[in-house]
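Let's take a walk through a protein model, going from helices to sheets to charged pairs. Have a look at the structure first, and keep it open while you read.

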Amino acid sequence: MKKITFDNFVRLSRGFDLPERKIVDGEYPVVASTNIKAYHNAYKVNPPVVVTGRSGSLGKVQYIDSKCWPLNTSLYSKDFRGNIPKYIYFFLQTMHLEQYNAGAGVPTLNQNHLQRLKIVVHDIDEQKKVADILSTYDNLIENNNKRIKLLEQMAENLYKEWFVRFRFPGYEDVEFEEKKPRGWQVSNEEKKHYAPSIFKYDEFGKIGSFARGKNITVAKMIEGDIPVISAGLQPSGYHNEANVYGTSLTISASGANAGYLQYHMNDIWAADCSYYQDDTKIWFLYNTLKYLQPVISNLQCGAAQPHVYPKNINKLFVLIPTEELIYKYNDFVKTYYEEIKILNQHNQILTKQRDMLLPRLMSGKLKV
């Protein structure tokens, strides 16, 4: 191993401006400080790219293996100073870059300060070995994530086949009639909506009622492994107890992500969100709401901050099939989600093993 300056290891550059209104749907990832924000029809950087937060959120490191557009809230690298890009990606994770916050109000990473730091890194041959070892875990996790996405897509496709195209078991023997839910207007006779006569329009609350979560502040969280589900896309923290047990659905209640729907396979603390539980219907309700996600997002109300209230979700008019079909669909796709739960558990084990190896490999305590 050798001691060098950070600037001789990797060169970080500031990302590029791209207002949200100018994003045009395309194939190139738009990379923010913590995640891929969207996909654009243009790119700024060729792969591979290592990206980390510059402003706002610090510490997360991303490896992008495709052409992309790093945003100005991030720092990216294309100049790896002759080092292995994947090794740099793993090494930066061990640096806990959030500790180099140089901002007063908004957290900001000062790359000029980083450049002067002295760090100890492996020689090139060892860099490749370390990167290969750690990448094996990431590849397994990625393969599991692809299987999870495929299983979710299978459940979604079956939902559309049965309840959107109306090709459910026994549909050949069912009559269709014009259906017009309350508040809907038919402006053209040729666009009349026909649905099975055994289906009915009614409030969502008739088949599944969402309840309000109970807020908890960071100060009151006691360190544990129960995710606290609030307004963001990720848990706002982890607590030592739950207030919702087993499989559940949540919808974010406020903020920019108000209306965001997700499912949970384990106990949670439902905070700034609405939640639902009932194993006999949960996957039917989840895929119904997933199909209606744009409608749920449009339920946002509030002048200063957007909100989506459980009462508005429960009053949403939806097309409801018979209970027999609801239960039949739920039982059919339940096996998909049971497999997803197992895959997620495997990913948790792989992540834990990788994270235990990471600092030991980077420090040289574990030889390669």
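Predicted model: local features only at pLDDT ≥ 70, side-chain atom pairs only at ≥ 80, totals over all residues.

Residues are numbered from 1 along each chain as its sequence is written, and side-chain values use heavy atoms, with hydrogens and water left out.

Start with a helix pair. Two packed helices are described by the angle between their axes and the distance between those axes. Here, helix H4 (residues 124-163) packs against helix H8 (residues 323-363) at an angle of about 165°, and their axes are 9 Å apart. The axes are lines fitted to C-alpha atoms, for helices over the stretch in contact, and angles run from 0 to 180 degrees between N-to-C directions. Helices (H or I, at least four residues) and strands (E, at least two) are DSSP runs, numbered from the N terminus. H4 and H8 are therefore roughly antiparallel to each other; angles under 35 degrees count as roughly parallel, over 145 as roughly antiparallel, 65 to 115 as roughly perpendicular and the rest as oblique. In the contact of H4 with H8 you'll find 27 nonpolar, 7 polar and 7 charged residues.

Now zoom in on one residue from each helix. Val130 is found in helix H4, and at 0% relative accessibility Val130 counts as buried. Buried means under 20% relative accessible area, exposed over 50%, and partly exposed in between (1.4 Å probe, protein chains only). The C-alpha atoms of Val130 and Lys86 are separated by 9.2 Å, although the two residues are 44 residues apart along the chain. Over in helix H8 lies Glu324, and Glu324 is exposed, with a relative accessible area of 58%. Glu324 and Lys281 are 11 Å apart in space, C-alpha to C-alpha, and 43 residues apart in sequence.

On to the sheets. An open, antiparallel sheet of 4 strands has the order S2-S8-S5-S6. Two strands pair if DSSP finds at least two bridges between them. S2 and strand S6 (61-64) are the edge strands, each pairing on one side only. Neighbouring strands of this sheet are turned by 30° against each other on average, direction ignored. Strand S5 (residues 49-53) and S6 run antiparallel and are joined by 4 bridges; in S6, Gln62 is the bridge partner of Val51.

Another open sheet has 3 strands in the order S15-S14-S18, with mixed pairing. Strand S15 (237-239) and strand S18 (269-270) stand at the edges with a single partner strand each, so one side of each is left without a neighbour in the sheet. Strand S14 (residues 226-229) and S18 run parallel, joined by 2 bridges, and Val228 stands opposite Trp269 in S18.

Strand S17 (residues 261-264) deserves a look too. In a regular strand the side chains alternate between the two faces of the sheet. In S17 both faces are covered: Leu261 and Tyr263 on one side, and Gln262 and His264 on the other, are all buried. Strand S16 (residues 248-252) runs antiparallel to S17, with 4 bridges joining them, and Thr250 stands opposite Gln262.

Last stop: charges. The structure holds 13 salt bridges, each being a side-chain nitrogen of Lys or Arg within 4 Å of a carboxyl oxygen of Asp or Glu. One of them joins the side chains of Arg11 and Asp7 (3.2 Å, N to O), and Arg11 is partly exposed, at 31% relative accessible area. Asp7 and Arg11 also belong to a network of salt bridges with Asp79 and Arg81.

Which parts does the Glu20 and Lys37 pair tie together? The side chains of Glu20 and Lys37 meet in a salt bridge (3.8 Å, N to O). Glu20 lies in the loop between strand S2 (11-14) and strand S3 (25-31), and Lys37 in strand S4 (residues 36-40), so the pair ties together parts that are 17 residues apart in sequence. Glu20 is exposed at 57%, while Lys37 is partly exposed at 44%.

Notes: Nonpolar A, V, L, I, M, F, W, Y, C, P; charged D, E, K, R; others polar.
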